[in-house]
Amino acid sequence: MGCCHVKNQCLVIRLPKEIDHYQAEKVRRECEQSFMKFIIRDIIFDFSDTSFMDSSGIGLILGRVRKIHPINGKVYLFGGNELIQKMWEMAGILNLVTVLDSIEKVKEVYE
């Protein structure tokens with residue numbers, strides 16, 4: 001799938017168009033491989049291309065939050081249409097992550 005890449009200890013996850021249970025599991029496996037290969041301090045979820053997400057996407061985010069917070073890492077969310085952003089809000093994850101509102105802010109995180 002190739003949705004994950006690491007730059008300067010930051011795991012960038014470019015999410016697919018639709019995130020259901022099947023896609024979330026594929027992304028989760030790829031994330032775990034990245035954690036085994038690299039030292040990761042922060043995570044950016046890039047929702048730019050994503051138009052649909054079910055609760056599996058929320059679980060994917062929360063799982064990475066639980067993995068990165070014990071080492072004082074941060075999780076960032078970028079992109080996402082209005083519906084996806086509403087899901088973040090309803091799930092209560094906005095107090096656990098930072099939402100980035102521009103590509104410039106994304107670049108600041110990993111450069």
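**Close-up views of strand β4 and its sheet**

**View A. Pairing of β4 with β6.** In this predicted model, strand β4 (residues 42–47) and strand β6 (residues 74–79) run parallel and are joined by 6 bridges. Phenylalanine 45 has leucine 77 of β6 as its bridge partner. Isoleucine 44 stands opposite tyrosine 76, also a residue of β6.

**View B. Pairing of β4 with β2.** Strands β2 and β4 are paired in the parallel sense, with 5 bridges between them. Within this pair, leucine 11 has isoleucine 43 of β4 as its bridge partner.

**View C. The sheet around β4.** The open sheet consists of 5 strands in the order β1-β2-β4-β6-β7, and its pairing is mixed. Strands β1 (4–7) and β7 (98–100) form the edges, each pairing on one side only. On average, neighbouring strands of the sheet are turned by 25° against each other, direction ignored. Helix α1 (residues 21–37) packs on this sheet and touches β1, β2 (10–14) and β4. The direction of helix α1 makes about 160° with that of β2.

**View D. The two faces of β4.** In a regular strand, side chains alternate between the two faces of the sheet. Both faces of β4 are covered. One side carries Asp42, Ile44 and Asp46, and the other carries Ile43, Phe45 and Phe47; all of these residues are buried. Strand β4 is accordingly described as mostly covered, with 6 of its 6 residues buried.

Notes
Residues are numbered from 1 along each chain as its sequence is written. This is a predicted model: local features need pLDDT of at least 70, side-chain atom pairs count only at pLDDT 80 or more; totals for chains, interfaces and linings use all residues. Side-chain values use heavy atoms; hydrogens and water are left out. Two strands pair if DSSP finds at least two bridges between them. Helices (H or I, at least four residues) and strands (E, at least two) are DSSP runs, numbered from the N terminus. Axes are lines fitted to C-alpha atoms, for helices over the stretch in contact, and angles run from 0 to 180 degrees between N-to-C directions. Contact means heavy atoms within 4.5 Å. Buried means under 20% relative accessible area, exposed over 50%, partly exposed in between (1.4 Å probe, protein chains only).
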